[in-house]
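Thank you all for coming; I would like to take a few minutes with one structure, and I will begin with a question once it is on the screen.

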Amino acid sequence: MLKKDLILRNPLRLLGQEDQYILPEGGIGAVLARAGVGKTALMVQLALDTLLREKNVLHVSLDDPVDKVSLWHKEVFHNMAEQYNLPQINQLWDSILPKRFIMTFKVDGFSVPKLEERLRDLTEQNIFTPQMIIVDGFPFDDTALEPLQQLREFSNRHGLRIWFSVRTHRHEAPGPDGIPPQLSNMDNLFNVILQLQPEGKKVHVKVLRGVDAEKDYPELMLDPATMLISRND
Amino acid sequence: MEKDLSQVRNIGISAHIDSGKTTLTERILYYTDRIHTIHDVKGKDGVGATMDSMELERERGITIASAATYCEWRDHQVNIIDTPGHVDFTIEVERSLRVLDGAILVLCSVGGVQSQSITVDMQMKRYKVPCIAFINKCDRSGANPFRVIQQLKDKLGHNAVAMQMPIGLEADLEGVVDLVTMQAVYFDGENGEVMRTEEIPDALRDEAESLREKLIDAASMYSDDLMEAALEGEVTPELLTEALRIGTLERNITPVFMGSAYKNKGVQPLLDAVTNLLPCPADVENQALDMNADEAPVILSSDAGKSPVALAFKLEDGQYGQLTYIRVYQGSISKADTIVNARTGKKVKVGRLARMHADQMEDIDSISAGYIGALFGIDCASGDTFTDRNSRLSMTSMYVPEPVISLAIAPRDNKSQNNMSKALNRFTKEDPTFRTYVNQETGDTIISGMGELHLEVYIERMRREYGADVETGMPRVAYRETITQKAEFNYTHKKQTGGAGQFGRVAGYMEPAEGDEFEFVNKVTGGSIPTQFIAACEKGFKGCLAKGPKMEFPVTGIRIVIDDGASHAVDSSEMAFQAAARGAFLEGYARAKAVIHEPIMKVVVESPTEFQGAVMGSLNQRRGIILGSQDEVTMCVIESQVPLSEMFGYSTVLRSATQGKAQFTMEFNAYRQVPQSIAEDLLKKAQEGKKNVA
């Protein structure tokens, strides 16, 4: 009941398809924003939404230690629960905890084969099999194309949904479709691209590329105080 | 001779297990002429390090009780508390930090910031203890002090700045470059006692310049003078040190030193830093609570003329009776003074005072504010405050966690029986996380504490120090009961069996409450339960909490609201309402879907990456939730939450799964509901246990 409430009230589902997932199975998506605008907050909400649907989420962070990532999840979850005034949130939190796994790597030490090897450790022993992966802090530089293609294949092979955070820079002008230059040679790999755009005191969530190009997506905002997504009405 | 207070340092040395803090302390004592030979922790000479005075400590190569010692360095008196690194003994660490003014955080140049470093760091934060860091073991292969500095920033959030850079690393470690004086420092002589300063080698000069710039940048935030001097390019070592000291005292900056205690490199500059950068007792503001003024906080001053305030932070059983380590915060305590224990109100006369050096001592006449010393033959508990007859001040109480594991013990013979009770009496006074009681039903003596090793060490100490040979039962986990839904009750207690009758009706509801608390809410209106019986109702309910109706575990997290009832002019009494409350509790509890909660431990395993799968498997088999894994190139850190009941004997399992290359730490995290199948097993066991008793 509680879970259902949180799932139904999540504004992110407005961006979703019929099954209310934003990404199709095997698809990959990106959340673009400049530093400090709220990429991780949005990604964590995508993760929590999936966790509440009782699906397993692997959060891969190339920047932060496990404790910090865990704290992100806890904070956003508590903010969500507080916003909807939900009782017994601790029990709900305890119930989703086993469905989440955090892996952190040093940026230099990260590679797709290594990730696959770590995942094998988990899946072969039936400890954890992810259905969605969040990759935070992946460096979108000259060397990014190959690992990204590998991850796309990996996602296809296992029917996963993978989200990436992409840090954009103020001094780099985006292309006509709003795609930043660092994604220009690989943007065809992404099914969905969301952008966080600060305007005044508000942060708008813009759909640069959606699963359904025809769809008229509702306007969503990220509240800088709670870091939660809400409808702009 | 006592020094001027500005020349006194009370410091602790805290670190993860095996980071080499006892070795470091040993070297400090050697260079300050307190000892004349060096004994290694697990040395071949069999003497063991000076600070590890307990036989058991020497045997296991770990430090259990924190021994206090003092030494002198460049006209400063340095009191050192050697703190244990194992999580099971954190109460010792916490107590030490409470009485210290500054600390050295020792880190391993290979292992970096490890799980216990994080725990220790949190404790330092709690007690606002300024610290400097020492990156030890720079001679080991894989040493990388700058990676550790980065970890200090990333993992602990310290504004860590390098004060030195190594000259050579691993087997080629020769010395360090001092970035304040811009000199190369080498350590000659058989035990590194001769410091030789030279020009910085050309190959290192550029890197040293750039590191010094970073150091000046960081330090100039705390001194305008330094900022100006930096702009004019005239930074003097004194100016830089002064700015660093300000930053360190405010905990805004963590100066990082490096070397290898075992190879006798880098210890003397660290001692210089203790005197130059860490606070003296007068730099630290200490508070006490005034018991005569509703516990209003009082700032203590180190003025020797004021009423004395001293905290007993550690007890030991010595050959002359109880030895009480104290830190004096205000005034002074002298031989033949009469002091008052603020907790018990008992007056005691100070007989003998001493200054401690591990297990040896030196008699002294008085201890002044800011100093650490020991009292003889005074009966008190750890954490007690001593004052004089004029004031009733108490030092703020220390945070004491609840024990999570218990064990039944029984003496093997009559002699052991006596010795065991002596030992238990002593240990419970020394360590507030170690408790003991007698189970009324089984008659067993139960000891409880913070982990398996914690209890093992006390059993071992009973054997060695008190000659008490005891048998131990299976460790028992401290389960709890709680309710999961709201339930109403309406119970009438009526008895008429000749003589005065008993009558009381109590109605209301019980519901789950957040946290461990029991909450009692009185919403009775119109006097349906007369006011004088409300307290009896509360007492009746409270009486039911110690042993829950489901499985006789303590009941926690429950709110009881009474809103109606009835009384009888003649037959109602306190006893009748207590009985009615007990009946009401049982009635409501049966409907409130009670569940069993078990302690869940945060278990952090550090292992070489090749064993990651095996380690995760071992945690998973123990009903553990693996929160995540952190890849640190060759090592990985796995964080998990595992029920305590599944952790018995885990160290052996981990050792065999990882060829002894992994280590783990464990601390209490939270209470969580036991899965249904396990709860049924527990119920079965409890019923069998009852049958056996019957």
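In which hand, left or right, does H10(B) pass H11(B)? Before I answer, please note that this is a predicted model, in which local features need pLDDT of at least 70 and side-chain atom pairs count only at pLDDT 80 or more, while totals for chains, interfaces and linings use all residues. Residues are numbered from 1 along each chain as its sequence is written, and chains are lettered from A and ligands numbered from 1 in the order in which they are written.

The crossing of H10(B) with H11(B) is right-handed, a term used when the near helix is turned clockwise from the far one by less than a right angle, anticlockwise being left-handed. On the side of H10(B), the contact is made by Asn419(B), Met420(B), Lys422(B), Ala423(B) and Phe427(B), and H11(B) contributes Tyr458(B), Met462(B) and Tyr466(B), where contact requires C-beta atoms, placed from the backbone, to lie within 7 Å. These residues divide into 6 nonpolar, 1 polar and 1 charged, with Ala, Val, Leu, Ile, Met, Phe, Trp, Tyr, Cys and Pro counted as nonpolar, Asp, Glu, Lys and Arg as charged, and the others, Gly among them, as polar.

Turning to the two chains, their contact takes 19 residues from chain A and 17 residues from chain B. On the side of chain A, the largest share, 4 residues, comes from E3(A), and that side as a whole holds 11 nonpolar, 4 polar and 4 charged residues.

Conventions
Helices (H or I, at least four residues) and strands (E, at least two) are DSSP runs, numbered from the N terminus.
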